[in-house]
Structures are given as C-alpha cells and as structure tokens.
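This briefing goes through a predicted model, topic by topic. Please keep the sequence and the 3D view at hand while reading.

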Amino acid sequence: DTARGIGGDYSAFVVVDITKMPYKVVAKYRDNTIAPMLYPKFIHTAALMYNNASVMVEINDIGGQIADILHNEYEYEGLIKAIWKGRAGQLVGGGFGGGDSQLGVRTTSSLKRIGCSTLKTIVENDKLIISDFDVLSELTTFVANKRGTSYEAEEGMTDDLVMCLVLFSWLTGQDYFKQFYTSE
C-alpha cells in the first residue's frame with residue numbers, strides 16, 4: 001500500500017509467512033513520511049531478507065510507480081502479476097495466458113469485498129496469526145462505511161496495514177497462489 005509521504009496515509013507492507021498453516025504475520029513496515037521514490041528500497045530489502053519473497057504491489061494511484069521501480073531499477077523478479085480477464089476480473093498469474101498483464105494488482109470494489117470476507121474467515125478460523133499491535137489496532141477500527149457497501153478505517157484512524165492483509169487474503173483464493181505457494 002503506497003501513500004504520498006506527506007504525513008497522512010501510510011506506505012505500508014506486511015510480510016506473511018506462508019510456509020506452514022496457520023499463516024503468520026512476521027513483519028510489517030509503516031511510514032507516513034517516506035517519499036514514494038524511496039519506498040521500493042525498503043520493500044526490496046525486506047523481500048531479500050525474507051528469502052526473496054514474492055511481492056504483490058497495489059498499483060492504484062502511485063503504486064504503479066513502485067512496481068515499475070522494483071521491476072526496472074531493482075530488477076526484482078519476485079513481483080506478482082495480475083491478468084485482466086474481462087468480467088472475471090483480475091487473476092493472479094505468471095504474466096502469461098492472454099489478457100492485459102500488469103505488475104501488481106489494482107484494488108477494485110470486487111477485490112476488496114472478496115478480500116475482506118476472506119480475511120474475516122481466515123482470522124476467525126485461526127488460519128492467520130497476527131501478533132503485531134499496529135495491525136491489531138487497525139483491525140479494531142476497520143468498520144463498515146456509512147453506506148454499508150465496504151469497509152474502511154473509522155474517521156481519524158488508518159487502515160493501511162489491514163488493506164495489505166485484505167490484498168493478501170484475496171490472493172489466497174487465487175488458483176495461482178494455491179498451485180505455487182501452498183501444499184493444499
């Protein structure tokens with residue numbers, strides 16, 4: 001999740017250990033003053049520290065620049081790609097199989113709805129262990145919006161770390177994830 005670095009929303013990422021079930025949040029990064037052009041360095045460093053971890057970048061707004069920098073300047077090969085499949089929406093893949101392939105994923109209302117539902121399920125079923133205070137704090141203020149059509153942080157609060165977990169949760173339902181990242 002990428003922000004503009006001007007003291008509002010946070011640029012944030014979480015590292016989730018998926019080597020065994022239950023999954024576990026093992027690290028996080030959150031900074032609301034980091035310049036977007038410097039943020040990829042922190043992502044790259046963490047990805048290398050965690051065994052050349054796969055990296056899924058949200059490409060809404062300026063996030064596309066982050067994915068491009070990781071790919072072009074750092075030549076990081078562990079970026080997760082998504083393919084647009086028309087009415088089927090986005091599917092995670094290796095960048096092959098037709099459709100419009102892109103580095104990263106775009107948070108759409110459909111992706112967010114599925115991700116929120118899946119996050120709720122995996123947390124309630126003890127399939128994701130979260131021991132980080134900041135993540136847990138954000139979860140306690142992640143509520144239905146006024147229209148009841150989506151979820152977001154309560155007024156004056158943030159949800160940047162939670163949105164990272166929403167994206168991760170959506171990813172766990174993708175066939176590509178099930179095939180290449182789990183033993184299920």
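In helix α1, which spans residues 39-49, the buried residues are Tyr39, Pro40, Ile43, His44, Ala46 and Ala47. These residues lie on the same side of α1, because the arc they cover around the axis is only 165°.

- The buried residues of α1 are covered by elements that include strand β1 (11-17), strand β2 and helix α2 (63-72).
- Lys41 and Met49, by contrast, are exposed on the other side of α1.
- Asn51, which comes just after α1, takes a positive phi of about 60°.

**Aromatic rings**

- The count of aromatic pairs in the model comes to eight, taking ring centres within 6.5 Å as the criterion.
- Tyr23 and Phe168 make an edge-to-face aromatic pair, with 5.6 Å from centre to centre and 85° between the planes.
- This pair links distant parts of the chain, since Tyr23 belongs to strand β2 (residues 23-31) and Phe168 to helix α5 (residues 160-172), 145 residues apart; both Tyr23 and Phe168 are buried.
- One aromatic cluster is formed by Phe13, Tyr29, Tyr39 and Phe42, and of these Tyr39 is also among the buried residues of α1.
- Arg30 lies over the face of Tyr10, at 4.3 Å from the ring centre.

**Gln174 in its loop**

- Gln174 is found in the loop between α5 and α6 (175-181), and this residue counts as buried because its relative accessible area is 9%, where the cut-off is under 20%.
- Leaving aside residues up to four places away in sequence, Gln174 touches Gln90, Leu91 and Val92.

Note on methods:
Residues are numbered from 1 along each chain as its sequence is written. This is a predicted model: local features need pLDDT of at least 70, side-chain atom pairs count only at pLDDT 80 or more; totals for chains, interfaces and linings use all residues. Side-chain values use heavy atoms; hydrogens and water are left out. Rings of Phe, Tyr and Trp (its six-membered ring) pair if their centres lie within 6.5 Å; planes under 30 degrees apart count as stacked, over 60 as edge-to-face and the rest as tilted. Helices (H or I, at least four residues) and strands (E, at least two) are DSSP runs, numbered from the N terminus. Buried means under 20% relative accessible area, exposed over 50%, partly exposed in between (1.4 Å probe, protein chains only). A charge sits over a ring if NZ of Lys or CZ of Arg is within 6 Å of the ring centre and within 35 degrees of the ring normal. Contact means heavy atoms within 4.5 Å. The arc is that of the directions from the helix axis to the C-beta atoms.
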